[in-house]
Amino acid sequence: MSGIEANFDGLVGMTHHYAGLSMGNEASMNHRGQESNPRRAALQGLLKMKALSDMGLVQGILPPQQRPNLPALRQLGFTGNDEQVLSKAARYSPLLLSNLSSASAMWTANAATVSPSADSADRRVHFTVANLNNKLHRSLESVTTSQILKAVFSDQNYFVHHDPLPQHADWGDEGAANHNRFCGEYDEAGVQLFVYGRSAFQYGITSEHYPARQTLEASQAIARLHQLEETQIVFAQQNPIAIDSGVFHNDVIAVSNRNVFFYHEQAFLNQQSVLAELKEKLAHLEQKLITIEVPASQVTIQDTVRSYLFNSQLLSQPDGSMMLILPEECRQNANVSAYLQSLVASENSPISKLHFFDLRESMRNGGGPACLRLRVAMKEKELAAVNPAVLMTPELYLRLTDWVERHYRDSLYADDLADPQLLTEVYFALDELTQILDIGSVYEFQR
């Protein structure tokens with residue numbers, strides 16, 4: 001196996017709370033108003049990162065964003081010192097303060113869409129930061145996300161960074177959560193699957209109950225920016241039934257790794273045509289698509305949404321065999337658990353191992369293992385150009401767990417977001433984190 005697919009996980013922020021801000025994300029809405037534990041959330045995420053690193057995989061860390069977002073509150077006309085701004089915003093609208101305090105940037109599957117150098121005409125790795133304009137709390141992330149990615153992938157000989165698409169619903173872009181790539185080896189040319197929920201400029205079927213966040217036009221624009229050939233691109237529409245069932249991103253119902261595609265029977269509109277196009281284009285690259293279609297008769301869409309079966313990480317182990325990194329909820333769901341056991345027991349299955357992780361704090365806000373990571377396929381020389389301070393090691397794990405234990409609260413409600421002491425805690429913690437991860441000045445505060 002040549003080339004590397006690194007996973008860069010978002011570190012859960014100190015204002016992690018349950019506000020139910022994400023319409024269409026049923027886990028997020030169902031836990032609104034409940035008590036969160038930011039410390040446990042961050043430690044759960046770090047433990048998963050360390051486990052993958054210990055398995056021999058390249059694992060990186062991306063820092064949380066500054067929240068509450070004081071610059072945005074000031075832009076909206078709230079004046080005075082920091083404490084006064086928080087107090088005025090809380091009196092005006094607790095929901096607004098909650099939006100501007102969300103720790104949702106931890107779900108780095110939405111940070112950007114990434115195309116490896118093997119696919120791009122200029123032979124560089126391309127990043128397009130997602131605009132996330134379907135949700136207020138997420139639409140505020142792109143500026144800092146761009147600064148963080150540029151601090152981690154800074155060498156312009158290897159990495160290209162594109163600005164977010166225009167902040168308009170017609171260009172709605174949710175990042176890698178709606179993107180899959182198929183290949184033989186990670187450093188070989190592949191086929192990229194862009195999944196969208198609706199078209200802005202064409203009539204067609206779309207969801208009725210929950211919003212379709214990604215547009216076809218946004219996906220097409222990213223493919224152009226990344227200098228991809230038509231023969232290496234497939235566009236597929238999400239099944240509207242799936243979106244209305246709570247599948248707000250494609251990574252809630254499908255996941256890929258190399259030439260293996262693991263997906264639900266009801267994932268896509270015109271599913272057989274999508275698979276046929278993938279197979280044909282991969283065949284031109286002398287690769288065979290291996291499909292694992294999960295039948296609705298065994299695992300319903302409702303089962304997938306409750307368990308986040310497909311929001312797992314499908315990863316290649318050092319020996320080339322594949323494994324699934326799954327949330328504990330998959331083991332607790334009877335239908336999903338039975339299916340998984342039959343999957344790994346099958347002689348023809350490319351997936352041989354299952355690893356379950358307790359990510360309850362993230363799961364209750366609507367994000368599982370795959371939501372927490374951004375995949376970046378690279379060559380050895382490109383990996384060597386990545387900021388080494390963000391790559392997981394046993395020493396970094398100990399340092400970050402100590403940092404979390406010292407700075408994070410173990411209980412948080414939405415009402416606590418107006419506490420000026422919380423803001424002070426965030427400032428001091430992030431100031432220290434920038435030094436640990438050597439990412440420079442990516443935040444807009446002065447200690």
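Stop 1: Select residues 216-225. This is helix α8, and it lies across strands β7 and β8. Its direction runs at about 155° to β7. Keep in mind that you are looking at a predicted model.

Stop 2: Now show strands β6, β7 and β8. They form an open sheet of three strands, in the order β6-β7-β8, with mixed pairing. The edge strands are β6 (179-182) and β8 (233-237), and each of them pairs on one side only. On average, neighbouring strands of this sheet are turned by 20° against each other, direction ignored.

Zoom in on residues 191-196, which make up β7. In which sense do β7 and β8 pair? The sense is parallel, over five bridges. Pick Val195 and look across to β8: Ala236 stands opposite.

**Stop 3: another helix on the sheet.** Select residues 271-284, helix α10. This helix lies across β6, β7 and β8. Against β8 it runs at about 170°.

**Stop 4: the largest cavity.** A search of the whole structure finds five cavities of 30 Å³ or more. The largest has a volume of about 280 Å³. To find it, select Glu5, His179, Asn180, Arg181 and Arg375, the closest to its centre of the 22 lining residues. Which elements give two or more residues to this lining? They are β6, β9 (254-257) and β15 (373-378). The largest share, five residues, comes from β15. Colour the lining by class and you get 13 nonpolar, three polar and six charged residues.

**Stop 5: the second largest pocket.** Select Asn69, Leu140, Val143, Thr144 and Glu444. Of the 15 residues that line the second largest pocket, these lie nearest its centre. About 260 Å³ of space lies in this pocket. Helices α3 (70-75) and α7 (142-152) each supply at least two residues of the lining. By class, the lining has six nonpolar, seven polar and two charged residues.

**Stop 6: a pair of helices.** Finish with residues 38-54, helix α2, and residues 394-407, helix α16. They pack at an angle of about 175°, with their axes 10 Å apart. Angles over 145 degrees count as roughly antiparallel, so α2 and α16 are roughly antiparallel to each other. Show the side chains at the contact. From α2 come Arg39, Ala42, Leu43, Leu46, Leu47 and Lys50. From α16 come Tyr397, Leu400, Thr401, Val404 and Glu405. These contact residues divide into seven nonpolar, one polar and three charged.

Technical notes: Residues are numbered from 1 along each chain as its sequence is written. This is a predicted model: local features need pLDDT of at least 70, side-chain atom pairs count only at pLDDT 80 or more; totals for chains, interfaces and linings use all residues. Side-chain values use heavy atoms; hydrogens and water are left out. Two strands pair if DSSP finds at least two bridges between them. Helices (H or I, at least four residues) and strands (E, at least two) are DSSP runs, numbered from the N terminus. Axes are lines fitted to C-alpha atoms, for helices over the stretch in contact, and angles run from 0 to 180 degrees between N-to-C directions. Contact means heavy atoms within 4.5 Å. On a 1 Å grid over the protein atoms alone, a cavity is a set of points where a 1.4 Å probe fits but cannot get out, and a pocket is an open set with protein on both sides within 12 Å along at least five of seven lines; lining residues have an atom within 4 Å of a point. Grid points are joined across faces, edges and corners, and a volume is the space filled by probe spheres set on the points. Ala, Val, Leu, Ile, Met, Phe, Trp, Tyr, Cys and Pro count as nonpolar, Asp, Glu, Lys and Arg as charged, and the others, Gly among them, as polar. Angles under 35 degrees count as roughly parallel, over 145 as roughly antiparallel, 65 to 115 as roughly perpendicular and the rest as oblique.
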